[in-house]
Amino acid sequence: QVQLVESGGGLVQAGGSLRLSCAASGSISTVGIMGWFRQAPGKQREMVATITTGGAANYADSVKGRFTISRDNAKNTVYLQMNSLKPEDTGVYFCKIMIYSYWGQGTQVTVSS
């Protein structure tokens with residue numbers, strides 16, 4: 001099994017910043033691409049950003065220029081720096097190792113206007 005533990009969410013005003021962390025542990029033979037996803041109330045889960053082992057990042061159009069994904073391969077940890085937050089960024093944020101089907105419990109991000 002793979003365990004994913006997200007942290008760093010909270011309540012922030014529009015224009016503020018948060019930094020999310022996700023630590024992966026368990027039966028991980030290889031990590032590969034890691035990603036952040038989010039799910040707003042009543043909406044489907046969507047990809048926010050992904051990052052390869054080498055650091056190549058990909059972002060959803062809605063967060064480009066505001067969010068930065070990074071990782072520490074030695075710690076199997078992925079981060080998401082979120083700046084200039086908007087109310088529409090509100091949701092539960094999940095991380096994922098793309099080759100596995102496991103999800104963490106998520107961390108709530110709420111952006112007030």
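Q: How many helices and strands are there in the chain?
A: Helices (H or I, at least four residues) and strands (E, at least two) are DSSP runs, numbered from the N terminus. The chain holds zero helices and ten strands, and along the sequence it reads β-β-β-β-β-β-β-β-β-β. This is a predicted model, where local features need pLDDT of at least 70, side-chain atom pairs count only at pLDDT 80 or more, and totals for chains, interfaces and linings use all residues. Residues are numbered from 1 along each chain as its sequence is written, and side-chain values use heavy atoms, with hydrogens and water left out.

Q: What radius of gyration does the chain have?
A: The radius of gyration is taken over C-alpha atoms, and the globule rule is 2.2 Å times the number of residues to the power 0.38. For 113 residues a compact globule would have a value near 13 Å; the chain has 13 Å, which agrees. Along the principal axes, the C-alpha atoms fill a box of roughly 45 × 25 × 20 Å.

Q: Of the contacts in the chain between residues at least 6 apart in sequence, what percentage join residues at least 24 apart?
A: Contact means heavy atoms within 4.5 Å. Among contacts between residues at least 6 apart, 54% join residues at least 24 apart.

Q: What is the order of the strands in the open sheet?
A: Two strands pair if DSSP finds at least two bridges between them. The open sheet has six strands in the order β2-β10-β9-β4-β5-β6, with mixed pairing. Its edge strands are β2 (10–13) and β6 (57–59), each of which pairs on one side only.

Q: Which way do β2 and β10 run, parallel or antiparallel?
A: β2 and β10 run parallel and are joined by four bridges. Gln 13 stands opposite Ser 112 in β10. On the pairing of β9 with β10, the sense is antiparallel, over three bridges; Gly 91 has Val 109 in β10 as its bridge partner.

Q: How many bridges join strand β4 to strand β9?
A: Six bridges join β4 (residues 34–39) to β9 (residues 91–97), and the two strands run antiparallel. Met 34 has Ile 97 in β9 as its bridge partner.

Q: How many aromatic pairs does the structure hold?
A: A pair of aromatic rings is described by the distance of the centres and the angle of the planes. Rings of Phe, Tyr and Trp (its six-membered ring) pair if their centres lie within 6.5 Å; planes under 30 degrees apart count as stacked, over 60 as edge-to-face and the rest as tilted. The structure holds two such pairs. Phe 37 and Trp 103 have ring centres 5.2 Å apart and planes at 85 degrees, so this pair is edge-to-face. Phe 37 lies in strand β4 and Trp 103 in the loop between β9 and β10, so the pair ties together parts 66 residues apart in sequence. Phe 37 is buried at a relative accessible area of 13%, while Trp 103, at 35%, is partly exposed. For Phe 94 and Trp 103 the ring centres are 6.0 Å apart and the planes at 80 degrees, so this pair is edge-to-face. Phe 94 counts as buried, at 8% relative accessibility. Phe 37, Phe 94 and Trp 103 form one aromatic cluster.

Q: Which residue lies over the face of Phe 94?
A: A charge sits over a ring if NZ of Lys or CZ of Arg is within 6 Å of the ring centre and within 35 degrees of the ring normal. Arg 45 lies over the face of Phe 94, at 3.8 Å from the ring centre. Lys 96 lies over the face of Trp 103, at 5.5 Å from the ring centre.

Q: Where is Asn 76 found?
A: Asn 76 is in the loop between β7 (67–72) and β8 (77–82). Its phi is positive, about 50 degrees, although Asn 76 is not a glycine. Asn 76 counts as partly exposed, at 22% relative accessibility.

Note on methods. Buried means under 20% relative accessible area, exposed over 50%, partly exposed in between (1.4 Å probe, protein chains only).
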